[in-house]
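Please look over the sequence and the structure before reading on.

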Amino acid sequence: MSDNKNAKMKRIYLDYAATTPTDQRVKDAMGRFWTEEFGNAGGLYEEGRRAKENLRASREQIARAIGARPDEIIFTSGGTESDNLAIFGVSGAAKHGHIITTEFEHHAVLEPCQRLKKEGFDVTFLDVGEDGIVKPENVKRSLRPETILVSIMYANNEIGTIQPIAEIGKIIKEFKGGGAGYPYFHTDACQAAGYLDLNVNKLGVDLMTVNGSKIYGPKGIGFLYKRAGVKIKPQIIGGGQEMRMRSGTEPVALIVGLAKALEIAQAERVAESARLAPLRDYFVSEIQRRVPKVILNGHPAKRLPNNINISILDIEGEALVLYLDAKRISFSTGSACTSESLEPSHVILALGKPYEFAHASMRFTMGRSTTKEDLDYVLNELPNAVLWLRKVSPLNLEAGAKSMSHPEAFAGENLKVKAKSKSYK
Amino acid sequence: MNNKQDIDVINQYTGEKWYYSDIVKDHFFHPRNLLWERPKDESEYDAHGMVGSPACGDMMEMWMKIDPATARVKDLKWKTFGCASAIAATSMFSVMVTENGGLSVEEALKVRPQDVMLRLGGLPNRKIHCSVLADKAFQKIANDYFRKTGRFDKIVVEGARVIDPRLNITDKDIEEAVLEGAQNLEDVQKKLKVGVGASEEVKTEVEQLVRFYKDKYYG
């Protein structure tokens, strides 16, 4: 069958922001922890003591990589759990108050914040502007005496824009007047961990989310950095592991893998960034040269070196994904057709762009295996696919359009209740 | 569905997998009756219709020619902005109304989205939403044809009827909610983000409509 033949041919994987393959060095480091070193770190006997020792070593390794103390690292099942623990943990301990976040956070932060809002917390969702970068002065203006938490992602998962975390950290510190206590500052650094400096003191964060599956580590593992003294209410209780902050038998193999992956990512991040940034810029300029009506989403330079997010007008994301999948190219889209809610990317909408741009948004994220040859292959195939789908499409949109549709049009001609407070005219 | 199918779409947030049948793929990659170039002169065709909006992520335009001798659909050309299901469903619909000498406009109006889906070898449940557009576009084009041929009694206008006057919720809104997967009153409330059906009377009416549209599109 031709499908099987295709499957054996090399695929161009450009969805590293979704997940990365596990690094061979990480896999090797984990190797002995499946059948040999299987002990429960809670055991007093030899196997348990060894597991505990490996756990301690991994915790120290991670603490070193981010400039923290070992007892400030809480292992979790990944990014979503760490984000949930940060948001629900802080709100649960404080019981009431005000939270500041952004309109384009990952759903693992956004949805907990939306739930808290329903439950009576006051939540400010900051605008991220056309470039997809939060303005520190907006954070400053939103801070109140009753603010308990500020949660702003380090780099956005869809458009890769890098947020001024250190600057915001300083603002929050100044607001607190040097004292400890509220508001706490949380950042989701899942996408940033492979490319940016994670030193928690330079960033001025109190809580930080990192996971393994985005940095060539194993899936199903992550951690929440929690500065000493920061009060959170544990969300998973039972055996009292992780300093009582997160119960459950520690998956030592995964933790060893995560520590190794983070160490490698941080050691190689500068060189890898320097390699990928020119490739990113090359791809963006070439695609815009070869295909008309392609718009880059997010700031062109203040973004992760591996992130390309473009809206290719007049075509719909799922159709292009399937077309290029047949050409052995993998990438993702912000189109409603691939989302559970049938709603298009909230990130593209947060940039103030119309719904049409969100349905047409395509994300290509590069990684360690990506070469210029890979991109040239995509640059050859993509224009043909776009040309074809534009033939199929009855649309012909204006590239500069900012105000084409009512958000309520998405839900149906007569449905006005879904319209957001934001005006898209 | 056969068992050697590859997964075609994986939701990045939920991990839900969708499968497209080989027929869907065939019609997506090789659409039939696609209109390549817009007609220079609209009168080349006997009727024209358009539905959807780009903001919805689905939009469709159709052009029709009627055989003057048989009064059957001779040609049904189209353009679609949408996902693979929308493109494949339009393609299949155009085949169904033109094959074997073509259907009369009245017969073609009786082709239901389910019939198209059946011919496509099924669609993922949540993608049914994308497949009803051809049906609606054809109603538009049929109306245009009836109007042009002076058979005004045949024209069916889908007028929205207000069901919940307090919230100005119409039957169209309920239809949309069902197409987006609502199964009952509670789901409709969730989709519409308002507590539709505050009074018993309205509630019953909404429930009836949910059953009606569920039957219409999924039955």
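## Confidence

Over residues 1-5 of chain B, pLDDT stays under 50; pLDDT is the predictor's confidence in each residue, from 0 to 100. For residues 1-5 of chain B the model has 4 contacts beyond four places in sequence, two residues being in contact if their C-beta atoms, placed from the backbone, lie within 7 Å. Where pLDDT is low, the predicted coordinates should not be read in detail.

This is a predicted model, in which local features need pLDDT of at least 70 and side-chain atom pairs count only at pLDDT 80 or more, while totals for chains, interfaces and linings use all residues. Residues are numbered from 1 along each chain as its sequence is written, and chains are lettered from A and ligands numbered from 1 in the order in which they are written. The mean pLDDT of chain B is 82, with 87% of its residues at 70 or more. Within chain B, confidence is lowest in strand β2 (residues 17-18), with a mean of 57, and highest in helix α3 (residues 105-108), at 95. For the complex, the predictor gives an ipTM of 0.73 and a pTM of 0.83.

## Composition and domains of chain B

Chain B contains 9 helices and 7 strands. Helices (H or I, at least four residues) and strands (E, at least two) are DSSP runs, numbered from the N terminus. Of the 219 residues in chain B, 43% are buried, meaning that 20 or more other C-beta atoms, placed from the backbone, lie within 10 Å of the residue's own.

The domain assignment, which is automatic or from a database, divides chain B into domain 1 (9-154) and domain 2 (162-218). The C-alpha centres of domain 1 and domain 2 of chain B lie 26 Å apart. Each of these two domains of chain B contributes 5 residues to the contact.

## The sheet of chain A

Chain A has an open sheet of 7 strands with mixed pairing, in the order β2-β8-β7-β6-β5-β3-β4; two strands pair if DSSP finds at least two bridges between them. Its edge strands are β2 (73-76) and β4 (122-126) of chain A, each of which pairs on one side only.

Inside the sheet, strands β6 (residues 184-188) and β7 (residues 207-211) of chain A run parallel and are joined by 3 bridges. Here A:D188 stands opposite A:T209 in β7(A).

Methods:
A residue is buried if 20 or more other C-beta atoms lie within 10 Å of its own, exposed if 12 or fewer, and partly exposed in between; C-beta atoms are placed from the backbone.
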